[in-house]
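My notes follow in the order I took them.

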Amino acid sequence: MSETHPATTTRPMPLPTARGEVSGALVDALVREPGGATLPDGRSLREADPYGDDPQLALYMCYELHYQGFSGVDDAWEWDPELLRMRQALERRFLDALLSDATTHDDPDAAVSGLLVEPVDGTGVSHFLRDEGELWQLREYIAHRSLYQLKEADPHVWVLPRLRGRAKAAMAAVEYDEFGAGHGDRVHAELFADLMADLGLDPAYNHYLDATSARMLAVVNMMSLLGLHRALRGALVGHFATVEITSSPASDRLAQALRRLGAGEAAVFFYTEHVEADAVHEQVVRHGVIDDLLKREPGLAADVAFGVDATVFLEDRFADEVLDTWRKGRSSLRVPL
């Protein structure tokens, strides 16, 4: 089904265009050797809007050093102490904001139960695209989501060494499916690249980084933040459960939108694949991962709930921004397609 897209895996993209003082200083630093540049100080980091373009892009660049990296950037930057100190300050600002703005539940059962009921009159992006969206809007949405989907499941792998027993086995089983169950052409990130190519979009990894909004950067950055920190393992599990629970119905709506707008087989296949797979994954994550994790570590209950709440909060912010710009007849991207 899938063709090979070398750009998604073997050719790092160049550094993005800076969006402010913090990201600008980081871009300037990363083209030099580690230790040979001045990184932003505490004042500029403390004063930045935690959800703004500048700190979110800077945080994304810091995290990307743990993924595919950037062309022309020394691999030694990944563990440079000064960069890690800067990243820690950005993370603390972002996490504090999420804890303040997104926390709704302290009980994971209550947090998850709210996801299990589909609203009768849904108003999200997938509902809009299914019912009335145009092809240009669908292509914009896919460009935004490419920052997430072309690294689908990667941030979640980091939690595996932090789990034990049934929780580890169940999480690994879901990840195995996400990575194609042993078949390279079934890796979900590669299937998304096929979808992009089918819609006339560039499937190169991070190709749309300059075009994507700060709200989408925040969605992806939260995955990396939760995945990289052992202390946030409960929140990562809550986040992953949210993704799997909400994916199946949203994927069905997006498959309908693609068919209505005349997309090709590869584009439709990505979402039809997720309808069935994620319905199964939802059960595995809820009963295999969350239940066993909290049986072993009941003190993580509030963290799991926070992971659910923060995911919903950031996804809703992103959806609100996209729908608002579309309804005004404008592009939702910083650089229109």
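**Second largest pocket**

I began with the residues that line the second largest pocket: Leu84, Arg85, Arg87, Gln88, Ala89, Glu91, Arg92, Leu95, Leu225, His229, Ala231 and Leu232. This is a predicted model, and I read every value as computed from it. Which helix gives the most to this lining? I found α4, with 8 residues. I put the volume of the second largest pocket down as about 240 Å³. By class, I noted 6 nonpolar, 2 polar and 4 charged residues in its lining.

**Largest pocket**

Next I took the largest pocket. I wrote down a volume of about 1100 Å³. Its lining has 44 residues, and those closest to the centre are Thr246, Ala250, Arg253, Glu315 and Asp316. The largest share comes from α12, with 12 residues. I logged the classes too: 19 nonpolar, 14 polar and 11 charged.

The volume I noted for the largest cavity is about 50 Å³. I listed its lining as Leu45, Ala48, Pro50, Pro55, Gln56, Leu59, Leu90, Arg93 and Phe94. Two elements give two or more residues to that lining, α3 (53–64) and α4 (81–101). I sorted the lining by class and had 7 nonpolar, 1 polar and 1 charged residues.

**Val22**

I looked at Val22 next. Its place is in helix α1, residues 21–30. Buried or exposed? Val22 has 1% relative accessibility; the cut-off for buried is under 20%, so I count Val22 as buried. I listed what Val22 touches, leaving out residues up to four places away in sequence: Pro40, Ser44, Leu45, Asp54, Ala58 and Leu90. Two of these, Leu45 and Leu90, I had already written down in the lining of the largest cavity. For the pair Val22 and Pro40, I noted 18 residues apart in sequence and 5.9 Å in space, C-alpha to C-alpha.

**Positive phi**

Ala153 has a phi of about 80°. Where is Ala153? I placed Ala153 in the loop between α7 (135–149) and α8 (154–157). Its relative accessible area is 2%, so I marked Ala153 as buried.

Asn206 has a positive phi of about 65°. I found Asn206 in the loop between α10 (188–198) and α11 (214–228). At a relative accessible area of 8%, Asn206 is buried.

**Val280**

Then I went to Val280, which lies in helix α13. I noted a relative accessible area of 46%.

**Whole chain**

I closed with the totals. How many helices and strands does the protein have? I counted 14 helices and 0 strands. Read along the sequence, the pattern is α-α-α-α-α-α-α-α-α-α-α-α-α-α. I wrote down a radius of gyration of 19 Å, close to the 20 Å that the globule rule gives for 337 residues, so the protein is as compact as a globular protein of that length. Along its principal axes, the C-alpha trace spans about 55 × 50 × 40 Å.

What share of the 337 residues is buried? I have 56%. Val22 belongs to the buried residues, and Ala153 does too. I then took the contacts between residues at least 6 apart in sequence. Of these, 83% join residues at least 24 apart. Last, I recorded the accessible surface of the protein, about 14100 Å². Carbon and sulfur atoms hold 49% of that surface.

Technical notes: Residues numbered from 1 in each chain as written. Predicted model: local features only at pLDDT ≥ 70, side-chain atom pairs only at ≥ 80, totals over all residues. Heavy atoms only, no water. 1 Å grid on protein atoms, 1.4 Å probe; cavity = no way out; pocket = protein on both sides within 12 Å on 5 of 7 lines; lining within 4 Å. Points joined across faces, edges and corners; volume = space filled by probe spheres on them. Helix = DSSP H or I, 4+ residues; strand = E, 2+ residues; numbered from the N terminus. Nonpolar A, V, L, I, M, F, W, Y, C, P; charged D, E, K, R; others polar. Rg over C-alpha atoms; globule rule 2.2 N^0.38 Å. Buried < 20%, exposed > 50% of the residue type's maximum accessible area, 1.4 Å probe, protein only. Contact = heavy atoms within 4.5 Å. Areas by Shrake-Rupley, 256 points an atom, 1.4 Å probe, with all protein chains shown as cover.
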